[in-house]
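Please open the model in the viewer and keep the selection panel at hand. The stops below proceed from one selection to the next.

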Amino acid sequence: MRTLLTALLAAMTALALSAALILGPGEMRDISARSQHPQWLYNLIVTGREALLGWQTAGLPEPKGTKPRQDPATARLFQRDCATCHGGPGTAPASFALSLNPAAPPLSAIERPAAEILWLIRNGLKLSAMPAWEDHLSEAEMRALTGFVRALPGISPSEYRSLAGLRWSSPESTLRPGSGDTGPGDPVRGRRLTQGFGCRRCHLIPGLPGDPAPRIGPPLTEVAARGYLGGVLANQPGALAHWLRAPQHFSPGSAMPDLGLGPRQAADIAAFLLTVSGPGRKPTAPD
Amino acid sequence: MRAVVLLLALAACRHEAPPPQAARLIESHGCATCHHIPGIPGATGRTGPPLGHMGARVYVAGVAPATERTLARFLRDPKELDPRSAMPRTGLSQTEASLLAAWLRSLE
């Protein structure tokens, strides 16, 4: 029965995709990685993919050797082979990987049975950048990584750094007063950069389709009205661009990673986020 | 007018209303000044983040894994967890902080 339902769902997905491709608006035929699918199509793809994955791993018991673990050796393996695309707690993926589409999701918010995690590591995922690791890692390594991914939600950015042997970056040079003053940003360019730097992986952002309920960062629906950025930096004019360039300078230990943004890029992203996030603070507000 | 009130009430019901004890603590400690809190009339502050999905959040204050225990710690003394946090000391007792943290973590 379950197989039949899954097959039906897959067939309907394929049919809807073909129809949308032929009949839909221009954005349906955009095969570039520059923009996400429309939200409904994104949801359809994710639902179909999850159904198929559930079917692949249905009834499998918890694989041996995949208990949650957080040891330095596995953390270093995770940093080498997984974090390049997924990032780790408080660390960004490699620059190019921020522009992957679909993005490699941040794994701290993944809630999957161990059997599914191990299956994904072993077999990879078609039409995503997730490779099949079976021929590149040992069985023990794949199982250890499964355990590490299960432990990730409980690992703070600071703990992750010390486990994986990473240093905090210190971008003082970019933050001297006056430096990086670029004038007003361009929200149109900012929209492209917000997509390209993967902000939507962790945040809900009005007007950008993606994960309907990301759990890593706060929703960016009212940035303009927020009193503080990252809970630490007073949200004065210009502060957002500074925050975006070096969040961990302002909030040591923050899960918001340094993304390597240039001053112009940060100003543009800030302009976009302030444009889409609703009205700003009333200057007379008592808070 | 009644219809509007009813609609507003229904809209507020999307989230579980806080138990009376938690609601009293939220009111007496002024949490609503800075936070949007479901089920608390007038809690529409925007200085700090909205608390409507605290149960789904991975991190507290962006720096520590969001367990009920960590959240209670943060509620009691925010700067112990995040030295630069703009969130002030609340003066909550340990029991009060745990009670609030349990309710907030139940908000998916």
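Select helix α3 (residues 68–76) of chain B together with helix α5 (residues 94–105) of chain B: their axes come within 8 Å and cross at roughly 125°. Helices here are DSSP runs of H or I with at least four residues, strands are runs of E with at least two, and both are numbered from the N terminus. Axes are lines fitted to C-alpha atoms, for helices over the stretch in contact, and angles run from 0 to 180 degrees between N-to-C directions. α3(B) is therefore oblique to α5(B), since angles under 35 degrees count as roughly parallel, over 145 as roughly antiparallel, 65 to 115 as roughly perpendicular and the rest as oblique.

Next, display the side chains at this crossing. On α3(B), the contact is made by B:E68, B:L71, B:A72, B:L75 and B:R76; the α5(B) side includes B:Q94, B:A97, B:L100 and B:R105. Residues are in contact if their C-beta atoms, placed from the backbone, lie within 7 Å. By class, the contact of α3(B) with α5(B) has 8 nonpolar, 2 polar and 3 charged residues. Ala, Val, Leu, Ile, Met, Phe, Trp, Tyr, Cys and Pro count as nonpolar, Asp, Glu, Lys and Arg as charged, and the others, Gly among them, as polar.

The model is predicted: local features need pLDDT of at least 70 and side-chain atom pairs 80 or more, whereas totals for chains, interfaces and linings use all residues. Residues are numbered from 1 along each chain as its sequence is written, with chains lettered from A and ligands numbered from 1 in the order in which they are written.

Now select B:C34, in the loop between α2 (20–28) and β1 (59–60) of chain B. Is B:C34 buried or exposed? It counts as buried because it has 20 C-beta neighbours inside 10 Å (buried: 20 or more; exposed: 12 or fewer; partly exposed: in between).

Move to chain A, which has 11 helices and 2 strands, in the order α-α-α-α-α-α-α-α-β-β-α-α-α. Its C-alpha trace spans about 60 × 50 × 35 Å along the principal axes. Of its 287 residues, 36% are buried.

Finally, show both chains: 25 residues of chain A are in contact with 21 residues of chain B. The chain A side has 12 nonpolar, 9 polar and 4 charged residues.

Key. Contact = placed C-beta atoms within 7 Å.
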